[in-house]
Amino acid sequence: MATDTTAQHPAPTGDAEDTLHLARWTVTSGSNANSRGAVVIAAGDHQWEASAEGNGAVDALFRAVDKALAGVLTGHPRLLAYDVHAVAEGPDAEGKVTVTVAPPTGAEGARASGRYTGEITSTNIIAASIEAYIDAINELLAEAHWQGATETAGNRKRTRVSEPTAKAQRAELDEEAGRINTTDWFNQ
């Protein structure tokens with residue numbers, strides 16, 4: 001069974017312009033297909049977008065984050081630990097996800113060392129995983145030697161889209177394409 005999970009998160013209320021937050025993410029995963037994740041990450045007036053495939057939903061999202069932030073971090077963080085622990089019992093129980101990363105392999109000088117941990121608790125383990133990964137990267141970027149990395153990465157400004165422009169950019173349904181039987185697709 002394929003799952004398509006989408007989440008939107010508000011911007012952090014802190015005053016740090018360099019603090020990354022997930023504006024949006026989505027992941028599609030199934031037993032007979034590669035997982036695919038896409039992210040939109042924002043900091044201040046900047047945003048980065050990327051998508052990637054991976055070995056499962058969490059791996060696809062982590063790879064998408066790595067791809068989106070490659071210019072900020074001049075590489076991708078090294079994943080040192082990924083732990084999920086149930087906080088309680090039952091179907092509504094929360095899980096605590098802890099992610100520990102190290103700076104990218106190609107980092108030099110003071111930027112080349114350290115261990116940074118992010119921890120998030122949620123009933124949605126995929127959401128907690130991606131949030132904990134971003135939290136760990138924010139810990140890395142909070143170091144004095146990483147200050148300003150989001151500003152100097154050559155990222156693009158977010159554009160404001162007016163309502164008429166947004167309506168014009170929406171996809172149209174192609175009635176002539178016919179219906180797709182998803183049950184047949186899964187039985188392949």
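Two aromatic rings are taken to pair if their centres lie within 6.5 Å, and a pair is called stacked when the planes are under 30 degrees apart and edge-to-face when they are over 60. In this predicted model, the count by that rule comes to two aromatic pairs. In one of them, the ring centres of Phe 62 and Tyr 82 are 6.0 Å apart and the planes meet at 85°, so the arrangement is edge-to-face. Phe 62, with a relative accessibility of 6%, counts as buried, whereas Tyr 82, at 31%, counts as partly exposed.

Phe 62 also forms a stacked pair with Tyr 133, for which the distance is 4.1 Å centre to centre and the angle between the planes is 10°. Because Phe 62 lies in helix α1 and Tyr 133 in helix α3 (residues 125–141), this pair ties together parts that are 71 residues apart in sequence. Both Phe 62 and Tyr 133 are buried. Phe 62, Tyr 82 and Tyr 133 together form one aromatic cluster.

Helix α3 also holds Asp 135, which counts as partly exposed at 26% relative accessibility. When residues up to four places away in sequence are not counted, Asp 135 touches Gly 118, Glu 119 and Ile 120, and the side chain of Asp 135 reaches the backbone nitrogen of Glu 119 at 3.5 Å. The C-alpha atoms of Asp 135 and Leu 20 are separated by 8.1 Å, although these residues are 115 residues apart along the chain.

Methods: Residues are numbered from 1 along each chain as its sequence is written. This is a predicted model: local features need pLDDT of at least 70, side-chain atom pairs count only at pLDDT 80 or more; totals for chains, interfaces and linings use all residues. Side-chain values use heavy atoms; hydrogens and water are left out. Buried means under 20% relative accessible area, exposed over 50%, partly exposed in between (1.4 Å probe, protein chains only). Helices (H or I, at least four residues) and strands (E, at least two) are DSSP runs, numbered from the N terminus. Contact means heavy atoms within 4.5 Å. A polar contact is a pair of N or O atoms within 3.5 Å; within protein, one must be able to donate a hydrogen and the other to accept it, and residues adjacent in sequence count only if both atoms are side-chain atoms.
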